[in-house]
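Me: I would like to go through the labels attached to this model and ask what stands behind each of them.

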Amino acid sequence: MYIDKEKGVTLDDCSKVSHQISAILDVEDPIEEKYILEVSSPGLDRPLFDIAHYQQQIGKKIKLRLKTPVEGRRNFEGALLRVEDRNIHLLVDTEEVVLPFANIEKANVIADIRY
C-alpha cells in the first residue's frame, strides 16, 4: 500500500498507518489467510495509477509500457507535456506522441536526482 502527502512521507508516517490499518484488519478480520501488510511512500520513481497522478507530474520525465503497441512500440520515455481527453501527451526525443490512458499498462516518474 502506498501513502502520500504533499510534503513527503516519513518512516513515522508509514509506521503510524501500518499500525492503524493492522488494528482495523485484526478487528474486522477480512483476510482469512496469512498476509503481510506493507506501507510505503511512492518513492522517487513513483508509479502513476490514475489520470490525476499524470496531471500532477506534468513537466516531468516518465516512462511507460502500453498494453498494445502504438506506432509499433510498447515502451515510451519522455517529458509529460499534458493530459487531454484521457490521452497522455509525451515529448519523446523531439516528437509529441499521444497515448490513450486506457492503453497504459504501467507508468513511473523517472527520478531526477542531482548531487
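Me: How many salt bridges does the structure hold, and what makes a pair count as one?
Reply: The structure holds five salt bridges. A pair counts when a side-chain nitrogen of Lys or Arg lies within 4 Å of a carboxyl oxygen of Asp or Glu. This is a predicted model, where local features need pLDDT of at least 70 and side-chain atom pairs count only at pLDDT 80 or more, while totals for chains, interfaces and linings use all residues. Residues are numbered from 1 along each chain as its sequence is written, and side-chain values use heavy atoms, with hydrogens and water left out.

Me: Why is the contact between Glu 77 and Lys 61 called a salt bridge?
Reply: The N to O distance between these side chains is 4.0 Å, and the limit is within 4 Å, so the pair is counted. Glu 77 is in strand E2 and Lys 61 in strand E1 (residues 61-70), 16 residues apart, and the pair links distant parts of the chain. Strands are DSSP runs of E with at least two residues, helices are runs of H or I with at least four, and both are numbered from the N terminus.

Me: What makes Glu 77 and Lys 61 partly exposed?
Reply: Partly exposed is the range between buried (under 20% relative accessible area) and exposed (over 50%), with a 1.4 Å probe and protein chains only. Glu 77 has 42%, so Glu 77 is partly exposed. Lys 61 has 45%, and therefore also counts as partly exposed.

Me: How do you know that Arg 74 forms a salt bridge with Glu 105?
Reply: Their closest N and O atoms are 3.0 Å apart, so the pair meets the cut-off. Arg 74 sits in strand E2 and Glu 105 in strand E5, 31 residues apart, and the pair links distant parts of the chain. Arg 74, at 33%, is partly exposed, and Glu 105, at 41%, is partly exposed. The two residues also belong to a network of salt bridges together with Arg 65.

Me: What makes Arg 82 and Glu 96 a salt bridge, and which parts does the pair tie together?
Reply: The closest N and O atoms of Arg 82 and Glu 96 are 2.8 Å apart, so the pair qualifies. Arg 82 lies in strand E2 and Glu 96 in strand E4, so parts that are 14 residues apart in sequence are tied together. Arg 82 has a relative accessibility of 29% and counts as partly exposed; Glu 96, at 37%, is partly exposed.

Me: What is the class of Pro 47, buried or exposed?
Reply: Pro 47 has a relative accessible area of 15% and therefore is buried. Pro 47 is placed in the loop between helix H1 (11-28) and helix H2 (51-56). The C-alpha atoms of Pro 47 and Lys 61, 14 residues apart along the chain, are separated by 12 Å.

Me: How do you know the class of Glu 32 and that of Tyr 35?
Reply: Glu 32, at 81% relative accessibility, counts as exposed. Tyr 35, at 36%, counts as partly exposed. Glu 32 lies in the loop between H1 and H2, and Tyr 35 is found in the loop between H1 and H2. Leaving aside neighbours within four places in sequence, Tyr 35 is in contact with Leu 25 and Asp 26.

Me: What is noted about phi at Arg 86 and Asp 93?
Reply: Most residues other than glycine have a negative phi. Arg 86 is not a glycine, yet has a positive phi of about 60°; Arg 86 is in the loop between strand E2 (73-84) and strand E3 (87-92). Asp 93 has a positive phi near 60° and is a residue other than glycine. Asp 93 is in the loop between E3 and strand E4 (95-100) and, at 72% relative accessibility, counts as exposed.

Methods. Contact means heavy atoms within 4.5 Å.
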